[in-house]
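User: Hi! Could you walk me through this structure? I'm new to this, so please keep it plain.

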Amino acid sequence: MAAVDRLHQTSSHLTGSALSRSSSGTALKLSVHPFKVTVIGSGNWGTTIAKVIAENTCLNPQLFVKDVQMWVFEEKVDGKKLTEIINTKHENVKYLPGITLPGNLVANPDLIDSVRGADIIVFNIPHQFLPRIVKQLKGHVQPSVRAISCLKGFEVGPNGVQLLSAYITQELGMECGALSGANLAPEVAKENWSETTVAYQLPSDFRGEGKDVDHKLLKALFHRPYFHVNVIEDVAGVSIAGALKNVVALGCGFVEGLGWGNNAAAAIQRVGLGEIIKFGQVFFPESKVETYYKESAGVADLITTCSGGRNVRVGKYMATSGKNALDSEKELLNGQSAQGIITCKEVHEWLSSCKKTNEFPLFEAVYQIVYNGVPMVRLPDMIEELGCIAEEK
Ligand SMILES: NC(=O)C1=CN([C@@H]2O[C@H](COP(=O)(O)OP(=O)(O)OC[C@H]3O[C@@H](n4cnc5c(N)ncnc54)[C@H](O)[C@@H]3O)[C@@H](O)[C@H]2O)C=CC1
Ligand SMILES: O=C(CO)COP(=O)(O)O
C-alpha cells in the first residue's frame, strides 16, 4: 500500500508532524509512514544507485522503509542465479564486481513483486528496455507513486521525441523526475566524491510536506557524503544533457582512437555542447540554458563521459579495431550498454523527420559513422559541410 493510502487510512489517529534531520542535514517534517523505495535495474549504475539509496534508508528509518527492493533481470553467473549471489554475497559480481552492497538491499527477480507497496520507484535500466518494463508495470502501480529516472536517452515514436521521464508519466500516470550528473558508476560505487543533479517538479496533486515526495525528501534519499546532490526543477535540461553527451562521447572516442589527441577531443566537446544546448532550445524550450553550464548534469557530465565513460571507450575501440559499434560494445562491456549507440539513432530519426539533420552536424556525423560506415576521418569535414548547408538555408 502506498504511503499516501496508508496516510489517509490512519489520519484519524495522527497527532501532527514532528521535525527531523536527515543524514544529508536537511530539516524535514516526518512522514507518518516511511516511504518505501524500489530500484528497477541492477546494472553498473542501477546497482550503484541502489547502494546509495539503501545506505540512506538505513540511516533515516524515520523517513524510509529500511529494506530497498532492487529488481534484477535474472541471469545465471557460473551456474548460479544472480539474485541469489547478490542476496547472499552482497555483491553484484557481474555488473559491479568488488563492491560490497548493504545488507538491506534486496535483489528481486520478480518485477511486479519488487514494486508492491512502493511509494518511490527509481528507474535505472538501459533505456532500450524501458518500453517492455513499463508495459509489464501497467495496472500494478498507482499513479500516486512518484518516480525518478536515472536513464539516459529518449523515446522517439508517434509522440515525437520524448523525455524518458515524460514517457514514464504518460504510460504509468506517475510524476517522474530525473537524476543525472558527472557520475561514472565505478567511481561513485567506490565512494569517491562526486556531484549529481536531481530534477523534480511538484505535481498538481502534491499532497504536502512529509506526505509526498519533494525536493528535501529527494535530497535525503540520494545525498551521501561522497555523492553531493543539488535538486532543481529543470527535468528537461537535466535529461537532454544526460542523453546527448553519450553521442558526443562516441565522437570523442573516434578522434582519440584515430590518435588525434586532446585538441581534437576538446573540439568535439565544444561542438557537442553547442548542439546539446541548441537541441534543448529548439525541441524543449522549457529547458534552461544555465542547467548545461551550472549543473553537474550539464558540462561536467560531458567532460567525465568523454574522459572515461563507456561510450568514449567504445568509440575509441571502433577506431582502433575497425569493428562496428555493437561488436565493440559486446567485446568491451561484458553485458553493459553504451547508450550513445541507440541515442544517436533516435536523434537521427527525430531530426530527419523534422528535416533538421544539417543543423546538428556532429550528432548526424556520429550517426553516419556508426550506422552507415562513413569513415571517421571525415568527421571534421562533415561537421563543417553540414553546418554550412544549414547556414545557407
Ligand atoms: N554506468 C554508468 O556509469 C552510468 C549509467 N547511467 C545510465 O543509467 C542507465 C542504466 O545503466 P547501467 O545500470 O549502467 O546498465 P548497464 O549498462 O550495466 O546494463 C546492464 C543491465 O541491463 C540489464 N539487462 C540486460 N538485458 C535486459 C533485458 N532484456 N531487460 C531488462 N534489463 C536487461 C542487465 O540485467 C543489467 O542490469 C543507462 O541509461 C545509463 O546511460 C547513468 C550514469 C552513470
Ligand atoms: O552517464 C555516465 C556518467 O555520468 C556514464 O557514461 P557511460 O555510459 O559512457 O559510461
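User: Thanks! To start, which domains is the protein chain divided into?

Analyst: The protein chain is split into domain 1 (3-233) and domain 2 (237-392). Those bounds come from an automatic or database domain assignment. This is a predicted model, where local features need pLDDT of at least 70, side-chain atom pairs count only at pLDDT 80 or more, and totals for chains, interfaces and linings use all residues. Residues are numbered from 1 along each chain as its sequence is written, while chains are lettered from A and ligands numbered from 1 in the order in which they are written.

User: What distance separates the centres of domain 1 and domain 2?

Analyst: Taken over C-alpha atoms, the centres of domain 1 and domain 2 are 28 Å apart. The contact between them takes 27 residues from domain 1 and 25 residues from domain 2. Two residues are in contact if their C-beta atoms, placed from the backbone, lie within 7 Å.

User: Which element gives the most to the side of domain 1 that touches domain 2?

Analyst: That is β13, with 4 residues. Helices (H or I, at least four residues) and strands (E, at least two) are DSSP runs, numbered from the N terminus. By class, this side of domain 1 has 12 nonpolar, 12 polar and 3 charged residues. Ala, Val, Leu, Ile, Met, Phe, Trp, Tyr, Cys and Pro count as nonpolar, Asp, Glu, Lys and Arg as charged, and the others, Gly among them, as polar.

User: Switching to the ligands, which residues come nearest to ligand 1?

Analyst: Gly43, Asn44, Trp45, Phe73 and Ala185 come nearest, out of 24 residues around ligand 1. A residue is near a molecule if its C-beta atom, placed from the backbone, lies within 6 Å of it. Both domains take part: domain 1 and domain 2 each give at least three residues to the shell around ligand 1. By class, that shell has 10 nonpolar, 13 polar and 1 charged residues.

User: And which helix gives the largest share of the shell around ligand 1?

Analyst: Helix α2 (residues 44-59) does, with 3 residues. In α2, 14 of the 16 residues are buried. A residue is buried if 20 or more other C-beta atoms lie within 10 Å of its own, exposed if 12 or fewer, and partly exposed in between, with C-beta atoms placed from the backbone.

User: Why does the length of α2 agree with what a helix should span?

Analyst: At 1.5 Å a residue, its 16 residues should span 22 Å, and the end C-alpha atoms of α2 are 23 Å apart, which agrees. The expected span is 1.5 Å times one less than the number of residues.

User: What sits in the loop between β3 and α2?

Analyst: Serine 42 is there, and glycine 41 is in that loop too. Glycine 41 is buried, because 25 other C-beta atoms lie within 10 Å. Serine 42 counts as buried as well, with 29 C-beta neighbours inside 10 Å. The UniProt record includes Gly41 and Ser42 in a "binding site" feature from an unreviewed entry. UniProt positions are given in the numbering used here, feature names are shortened, and annotations may be inferred rather than shown by experiment.

User: OK, now ligand 2. How many residues surround it?

Analyst: There are 14 residues around ligand 2, and the closest are Asn183, Thr305, Gly309, Arg310 and Asn311. Helix α12 gives the most to this shell, with 3 residues. By class, the shell around ligand 2 has 4 nonpolar, 7 polar and 3 charged residues.

User: Which residues does UniProt place in the "binding site" feature that has Lys152?

Analyst: In an unreviewed entry, UniProt places that feature at Lys152, Arg310 and Asn311. They span 160 residues in sequence, yet no two of their C-alpha atoms are more than 13.0 Å apart, so they gather at one spot.

User: Is arginine 310 buried or exposed?

Analyst: Arginine 310 counts as buried, because it has 22 C-beta neighbours inside 10 Å. Leaving aside residues up to four places away in sequence, arginine 310 touches Leu333, Gln336 and Ala338.

User: Last one: how many residues of helix α16 are buried?

Analyst: In helix α16 (residues 361-372), 9 of the 12 residues are buried. Among them are Pro361, Phe363 and Tyr367. Just after α16, glycine 373 takes a positive phi of about 65°.
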